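User: I have a model open and I'd like to learn how to read its features. Can you walk me through a few?

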Amino acid sequence: MPPGGRKPKLPPTFAALSPFARSIIFTAASASAKRPPRPHAAAAETPRQGQDDMPRQPPKRARRAEPSSDDEEEEERGSSESEDEEEEEDSFGTSESDGDGDGESSEELETVQADFAFFDPKPTDFHGVRLLLKTYLDSKPWDLTGFVDIILAQTTVGTVVKLADDDDDHDHHQGQGNGAADKKNSNDDDDLFGLISVLSLGRYAEHRCIKDIKEYLLSVCADKDAKKQLRSLLEGKASSVGLLVCRRFVNFPYELLPKLYDALFDEVSWATEDEPTKELQDSFRFKHYLLVVRMLERKTPAKHKSKSIKDDDDDEPVIYPKLEDEIFHELSSWSFTFPIRSEQSAQQEMKNYKEMGLVMAIKAEAIPKFRKKLEALVSE
Amino acid sequence: MATRIQFENNCEVGVFSKLTNAYCLVAIGGSENFYSAFEAELADAIPVVKTSIGGTRIIGRLCVGNKNGLLLPHTTTDQELQHLRNSLPDQVVVQRIDERLSALGNCIACNDHVALTHPDLDKETEEFIADVLGVEVFRQTIAGNILVGSYCAFSNRGGLVHPHTSIEDLDELSTLLQVPLVAGTVNRGSEVIAAGMAVNDWTAFCGSDTTATELSVIESVFKLREGQPTAIVDDMRKSLIDSYV
């Protein structure tokens, strides 16, 4: 939250939202007012479909958003210094520069320029990472804080995605920053858009959070065969199993995904050589990856039988909120689903679908295939 | 005493509860652990009431109250209003008000004597606050933030404000509120104080991420450490000295 200066009036609906939620809402008006055209700067598009992309926001409120001073973070910054910046210069053009009309832009896709950058995890990312992992398991209490801590401690393998910062010190000091509370850095810290990491179940076996996860997965697994496989991965083979965690907001640009996964798997292979001790090096020689994700399954369409056949065909049996989960599921050696007890989202299009958890295991040999398929899917 | 609790893996306990010296409101849903944590501490002294406001669970941020009254936003349904009127003690005036800024808990911070409000609150609302809650109202900002209800939490004995509050602001606020204030954080560095904790004159509830340092600061500024001989003697000092003379 930028402390300096008084914020402009926020509409009543914003008063109850977290600063983070407010900061990711922007309109065409604010975007055009503050952004000079920068043709040379790398930029990734964030097509903002006011409809149902924002977590926790009813669509019409997002449209009527007034500019907030947090928006300055969304401006184009100088080109980022980190490794994997997506470079896409085609812009969806002039719809953003229609300054004041709030009536006319209500039906168009609004886009805003933003630079995303990949960083190593650091302790100040705690709140952002915690926010992303809040729904990792179901609503039953578990050691989420400990889980976030081990992800942040593992700086050699793992990436967080934030908006690019043009503060040079921030990047040059290996993420240690300026020590003292630098207000610009502290603005950035909570604006995490995505996270990816892989944790060795063997290395962290004694941590409370890993024990909680193992217990939880074994308790929700209803399928006997899958349970046997799961147990062997969690107990016997734990030292060669990596828990792959990838969490991001729904409006995260899909173009960044291949780079994100490439970064992760590259870091894993570098770690097998670069880690200081043999034990640590071996802890990254994964033979299997375990994933815990969500998916939407169509509820039994008892009513649809009377409707036209066209409706049934249009309804997918399964929807994957994260597109790479579909590829993982195809390539998985085994998987199982389980029902989620916590509140379902009340979106109109999703009312025929029930949110389910999906646990799957992938052999490490299948990863190159996964990377190729993901690349192909994204470039379609 | 300060207790650490969670609401469904969420450390923002000030969002899902509202704690005053006369009653405590708790959100519906979540596990019974949340509700029982409050009951265990408070049941002897004050009623703990489960409720929703406008069908939502974020009751701590939508309403504001003290021992004299409770103010509810216009989004409160009639059933919720009636439920609250029935469950709270008679001396607590429950009032629903029409204010554009409907998240009253974010806009207004109060104890039993003073209230700080968002600078843009309606004149009419300010009068309601003064009447129903029986407080003196001051329009203020905290560290440049207009959502005073979010960035500070104070009781009749002390207060905690946004960590970036300057010394001058701290002194000014302390004079207005007539309680000692400290700038600090809750829930491991979160600046949104009031969302991360719920406090009254004798107890506080903080999110489970609150560090030991933060907890000790909270216990000291809100004077929650009971049973300390020095505390008792300080309170009784006047009467002791009188009796010596």
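User: Let's start inside chain B: which residues does Ile142(B) touch, leaving out those up to four places away in sequence?

Analyst: Contact here means heavy atoms within 4.5 Å. With sequence neighbours up to four places away left out, Ile142(B) touches Leu116(B), Val148(B), Tyr151(B), Cys152(B), Val161(B), His162(B), Thr165(B) and Leu173(B). Before we go on, this is a predicted model, where local features need pLDDT of at least 70 and side-chain atom pairs count only at pLDDT 80 or more, while totals for chains, interfaces and linings use all residues. Residues are numbered from 1 along each chain as its sequence is written, chains are lettered from A and ligands numbered from 1 in the order in which they are written, and side-chain values use heavy atoms, with hydrogens and water left out.

User: Which residues touch the most other members of the largest nonpolar core?

Analyst: A nonpolar core is a set of buried Ala, Val, Leu, Ile, Met, Phe, Trp, Tyr and Cys residues joined through side-chain atoms within 4.5 Å. Buried means under 20% relative accessible area, exposed over 50%, and partly exposed in between (1.4 Å probe, protein chains only). The largest core has 68 residues, and Leu25(B), Phe38(B), Leu70(B), Leu116(B), Ile129(B) and Ile142(B) touch the most other members. A second, separate core has 46 residues, including Ala117(A) and Val292(A).

User: How many salt bridges are there over all chains?

Analyst: A salt bridge is a side-chain nitrogen of Lys or Arg within 4 Å of a carboxyl oxygen of Asp or Glu. The whole structure has 20 of them over all chains. In one, Lys162(A) meets Asp125(A) at 2.7 Å, N to O. Lys162(A) sits in strand 4 and Asp125(A) in the loop between strand 3 and helix 4 of chain A, so the pair ties together parts that are 37 residues apart in sequence. Helices (H or I, at least four residues) and strands (E, at least two) are DSSP runs, numbered from the N terminus.

User: Is Lys162(A) buried or exposed?

Analyst: Lys162(A) counts as buried, because its relative accessibility is 0%. Asp125(A) is buried too, at 0%.

User: Which residue of chain A does Arg188(B) pair with?

Analyst: Arg188(B) forms a salt bridge with Asp149(A) at 2.6 Å, N to O. This pair crosses between chains, with Asp149(A) in helix 5 of chain A. Arg188(B) is partly exposed at 29% relative accessibility.

User: And what ipTM does the predictor give the complex?

Analyst: The ipTM is 0.78, and the pTM is 0.72.
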